[in-house]
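Let's take a walk through this structure together.

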Amino acid sequence: MRWLAVLGALFALAACPAALASEEHPTSYEIQTELWCDDCQTTLADASAVTFTPRAIEFIDNRIAAGATKSEIKREAVKKFYGHLSLTPAKPKPRASRADLEGEIMCPVCSTTLDESDSPIARRMKADIASRVAAGQSKQQIKDELVAEFGTKILAAPPAKGFNLLAWLLPFVALFGGALVLGLLAWHWSRRREPGPPPTQLSPALERRVDDELARFDEG
């Protein structure tokens, strides 16, 4: 079983060469962006030169030169400068916005977005959205649950997949087709306006014969 775990780890590392290079050969700046300065409330890379930050950066540089991995350096730095350094906190996910959702969800009976509707069902959906936002659900979670209840028709912009892809493509197809038709009409109109071939010139002998015939016709 142990060799299977080793093989799995090797396979994961082979599949992520960039991650392996970053872990085994980190840069000082990369580590500084992943350490949090509790005194400055920013990353160590952006922290001001308070009493400990130059020593922390020097410690990181020395550990890189000694061949330590990124994980080892981060763990050792947090332990050495405890109370001043910590791991960079995860960025909080942006909260869903009622205004955004009400502008992107259609009222099932009004064919308008919720922010433009005051129907009973629209009011109920707005209240439902407000409670979901207050509960901390993401915008996508709320949309997915509303779609599960009402279907994709309630989305102001249908998802660009399956048959709904036509809703995205048709305007571009119509625009391209209209431009093509206008181009063909303009080309046809310009061809019709081109001057025709010049009239055929009569030979001098034929002109004299025509003149003679016309003169005899006038005399008669």
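**A salt-bridge network and a helix pair**

Glu 34 and Lys 70 form a salt bridge, with 3.2 Å between the closest N and O atoms. This pair links distant parts of the chain, 36 residues apart: Glu 34 sits in the loop between H3 and strand S1 (35–37), and Lys 70 belongs to helix H5. Keep in mind as you look that this is a predicted model.

How do the two partners compare in exposure? Glu 34 is partly exposed, at a relative accessible area of 23%. Lys 70 counts as buried because its relative accessibility is 10%, and the cut-off for buried is under 20%.

Lys 70 has another partner to show you. Glu 30 also forms a salt bridge with Lys 70, and here the closest N and O atoms are 2.9 Å apart. Glu 30 lies in helix H3 (residues 28–33) and Lys 70 in helix H5 (residues 70–80), so this pair ties together parts that are 40 residues apart in sequence. Both Glu 30 and Lys 70 are buried.

Now turn to Glu 104, which forms a salt bridge with Lys 143, the closest N and O atoms being 2.6 Å apart. Again distant parts of the chain are linked, with Glu 104 in helix H6 (residues 98–104) and Lys 143 in helix H8, 39 residues apart. Glu 104 counts as partly exposed at 25% relative accessibility, whereas Lys 143, at 17%, counts as buried. As for the bridges that share partners, they join Glu 30, Glu 34, Lys 70 and Lys 74 into one network. The structure holds twelve salt bridges.

The crossing of H7 past H8 is right-handed. On the H7 side, the contact includes Ile 121, Met 125 and Ile 129, and on the H8 side it includes Ile 142, Leu 146 and Phe 150. The contact residues divide into seven nonpolar, five charged and no polar.

For a stop at a strand, find Thr 42 in strand S2 (residues 42–43). Thr 42 counts as buried, with a relative accessibility of 19%. Beyond its neighbours within four places in sequence, Thr 42 is in contact with Leu 35, Trp 36, Cys 37 and Ala 47.

Finally, step back to the whole protein chain. It has ten helices and three strands, in the order α-α-α-β-β-α-α-β-α-α-α-α-α along the sequence. Of its 220 residues, 22% are buried.

Note on methods
Residues numbered from 1 in each chain as written. Predicted model: local features only at pLDDT ≥ 70, side-chain atom pairs only at ≥ 80, totals over all residues. Heavy atoms only, no water. Left-handed = near helix turned anticlockwise from the far one by under 90°. Helix = DSSP H or I, 4+ residues; strand = E, 2+ residues; numbered from the N terminus. Contact = heavy atoms within 4.5 Å. Nonpolar A, V, L, I, M, F, W, Y, C, P; charged D, E, K, R; others polar. Buried < 20%, exposed > 50% of the residue type's maximum accessible area, 1.4 Å probe, protein only. Salt bridge = Lys/Arg side-chain N within 4 Å of Asp/Glu carboxyl O.
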